[in-house]
Amino acid sequence: MKLKTTVLLGAALAGLLGTSLASAAEEQFIGLPSYRVGPYAAGGSGLFGGWIDYMTLINERDGGINGVKLTWEECETEYNNARGVECYERMKKKGATGNTVFQPVSTGITYSVLEKVAQDKIPMVTIGYGRTDAADGRVFPWVFPMITTYWSQASAIVNYMGQKEGGMDKLKGKKIGLLYHDSAYGKESHAIMDKLAAKHGFEVMKIAVAHPGNEQQSQWLQIRQAKPDYVVLWGWGVMNPTAIKAAAKTGYPREKMVGVWWSGAEEDTIPAGTAAKGFVAAGFNVAGANYPVIADVKKFVYGKDKGNMEDKTRVGSVYYNRGVVHGIITVEAIRKAQEKYGKGKALTGEQVRWGFENLNLDDARLKALGATGFLPPLKITCADHEGPGKVKFQQWDGNQWKVITDWVDSDRPLVRGMIEESAAAYAKEKGIKPRDCSKES
Amino acid sequence: MLYREAGQFKATYAEDSQIFPIRQDKIGFWLLMLVFGAAVPLLANEYWLKAILIPVLIFSLAAIGLNILTGYAGQLSLGSAAFMAVGAFAAYNFILRIEGMPFLVALVLAGLTAALVGILFGLPSLRIKGFYLAVATLAAQFFIVWALVKFPWFSNNSSSGVVTAQDVTILGYTFATPEAKYVLTFLIVAFMALLAKNMVRSSTGRAWMAVRDMDVAAQVIGFRLMRTKLLAFAVSSFYCGVAGALYAYTYIGTVEPEGFNLDLSFKILFMIIIGGVGSIMGSFLGAAFIVLLPIFLDNLVPAIFGDSLGAGFVSNFQLIVFGGLIIFFLIVEPHGLARLWQIAKEKLRLWPFPH
């Protein structure tokens, strides 16, 4: 009797372990530190909705990545650093192989976990925000500020203005207003704009807007007096529609205003009403639902009523599409890592890091994904964790965003020089020995 | 039954004025210290230490700081987070700029810097009271965060104003593991809480309470208002400053001025309101409540409702429950959790024969 129970128990246990191992081996866990409440909920719900929908698409249409199903869990951060750290710690050991990748979508949380990810061996991907000099992969092996950084963006915006004027030399003597959110995020623009001003001979007029930015009368009075040729809107949240409305009130042409990618979404223009017509903004992803990848999401995810968005009309909006970009990059990095570490296997964060570092989304691959023109072609290397540094410019026509340029390049040598200088200073302060990229495989 | 005091006699004044005059309390206290000082670091996992226990301890310390000012000295303040920021950035700069600066000395210096700034912003308290003073401290909140962003010297010219805390090394030992950091935080917080408890029981604390209850009367019977109020500001800011330095060094590791915003100040204020205004123990209870409840709800709500509700609804629902619970507690017990404990204790002392 006793023997029998022991054997039975043992068998049951073995069975349990066996099945759990078998099922666990086919799942890749991704922790999502989302924010759906608080001042930035509009951006957060769109972005994480798009990201989740893309992962659902991979599971529904392809049955996962080479058979590995994606699983995820959301953790509400409220865009708060302490809550973000709690989410990071809570999720890092979840799933069979731990959290695959951490993408906080908050510069504050990025800084808070910057050193933790290296200890825990979890790659951190910060697309279009976070620490700019982390683009130097020799000093920051675990951090990937992909596609483009704030500095590249500032440079691309200046290049766009050069294009509009008919040549970079035409910028000489021009005056560019920089209306920035008075925070670490907004100040990120100063050093690079000063450098570019010195190089091209234009003048930068820096005008601070205190958080949250719903009061901008004195700033626009200043702009009206100085009459800059362009105004760069480096804003976030409620500051953007306020600026657009104030521009209309003071009679500053919206066509001469260029927003950054956190100022160029439907959430920024629709509240400004007709005043927003003509407003231009940069973006590393474009708006619109006329891309095969979005069509697939509609067919396989919303067709089966598995979509994450409560408001389906937001599918194809700027933030939603940005979430799809997060999804594409995450999925493709896992796919790349599976090529090296075994197809159809769940991978650890350390293995997926290799996938990010060797990610290569060329035109052919983007076409296969149905995302040609949706995001710029992307190639990451050991030294360069940023990639193309390109943005497209879109103009609000009163109802929707219209793409008005091709991918606009940034001044790569200048930006890269600043990144390396800043990263070297960090490495010195922290006593980090930069990796030798010729020895990486 | 538990609290039967029969046979516990006090024969000296010293015995009568102890922090824990009842033997059961004393045993309970040492048991708690043993559990949190020894058992927890041995048993708790990394997530609990790093994400829950360390922040609870640090916020308790900040809440003690605010409680000294608001609960004991009666000066309403909305600048606690700013004083934490002063502490964090001061510690960073002391360690960065002075070769071989020991961590504990830097911690004390950070507290002193915060105390100095606190005195400066406490000056208006000599003229204005109540809500008007709260507005003056609000100025501290905005000014300090603005200054830390404005002058790059504070963040060693980092382009984004963010600083990364150096390693914590005391006598050649580096506190790197979560267990070590927890023990360090625990010891510092326990020591400072004991200090605060004694301070509020001494003549200093009595002076604060006299000023709180009626400052004109206090002045008439011979308390010097300026000294008392400014001392309260200094001590309070010292506690907040040390809490801020610990926040940077043993908890988050990387801090930016915006992290210490008005929201955090309000959170600390809620901690003392929920925990108990004018109670050291209440600071701990309030901090634990405010830090743990959202995390608890974040785990609980999806577990109950599963995927049937949208993620946006789940997030908002947590906030609704959180707010609802705070209102519930304030109605049921306006004096905070500490008062609830006190009532329970009084009942226990009489139980089971209440008459």
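This is a predicted model: local features need pLDDT of at least 70, side-chain atom pairs count only at pLDDT 80 or more; totals for chains, interfaces and linings use all residues.

1. The contact draws 35 residues from chain B and 32 residues from chain A.

2. Several helices of chain B contribute to the side that touches chain A: helix 3 (46-72), helix 6 (130-150), helix 10 (225-252), helix 12 (280-305) and helix 13 (311-332) each supply at least two residues. The largest share, seven residues, comes from helix 13 of chain B. By residue class, the side of chain B that touches chain A divides into 15 nonpolar, 13 polar and seven charged residues.

3. Side chains of opposite charge can pair when their charged atoms come close. Over all chains, a search of the whole structure finds 39 salt bridges, and across the interface of chain B and chain A the rule finds four. One salt bridge joins Glu89(A) to Lys50(B), with the closest N and O atoms 3.5 Å apart; this pair crosses from helix 3 (residues 81-91) of chain A to helix 3 of chain B. Another salt bridge is formed by Lys93(A) with Glu46(B), where the closest N and O atoms are likewise 3.5 Å apart.

4. Turning to the fold of chain A, an open sheet of seven strands has the order 6-5-7-8-9-12-13, and its pairing is mixed. Strand 6 (203-209) and strand 13 (401-403) of chain A are the edge strands, each of them pairing on one side only. On average, neighbouring strands of this sheet are turned by 25° against each other, direction ignored.

5. Within chain A, strand 8 (residues 257-259) and strand 9 (residues 280-283) run parallel and are joined by two bridges, and Val258(A) stands opposite Val280(A) in strand 9. Helix 8 (residues 217-226) of chain A packs on the sheet, where this helix touches strand 5 (175-181), strand 6, strand 7 (230-234) and strand 8 of chain A. The direction of helix 8 makes about 160° with that of strand 6 of chain A.

Notes:
Residues are numbered from 1 along each chain as its sequence is written. Chains are lettered from A and ligands numbered from 1 in the order in which they are written. Side-chain values use heavy atoms; hydrogens and water are left out. Two strands pair if DSSP finds at least two bridges between them. Helices (H or I, at least four residues) and strands (E, at least two) are DSSP runs, numbered from the N terminus. Axes are lines fitted to C-alpha atoms, for helices over the stretch in contact, and angles run from 0 to 180 degrees between N-to-C directions. Contact means heavy atoms within 4.5 Å. A salt bridge is a side-chain nitrogen of Lys or Arg within 4 Å of a carboxyl oxygen of Asp or Glu. Ala, Val, Leu, Ile, Met, Phe, Trp, Tyr, Cys and Pro count as nonpolar, Asp, Glu, Lys and Arg as charged, and the others, Gly among them, as polar.
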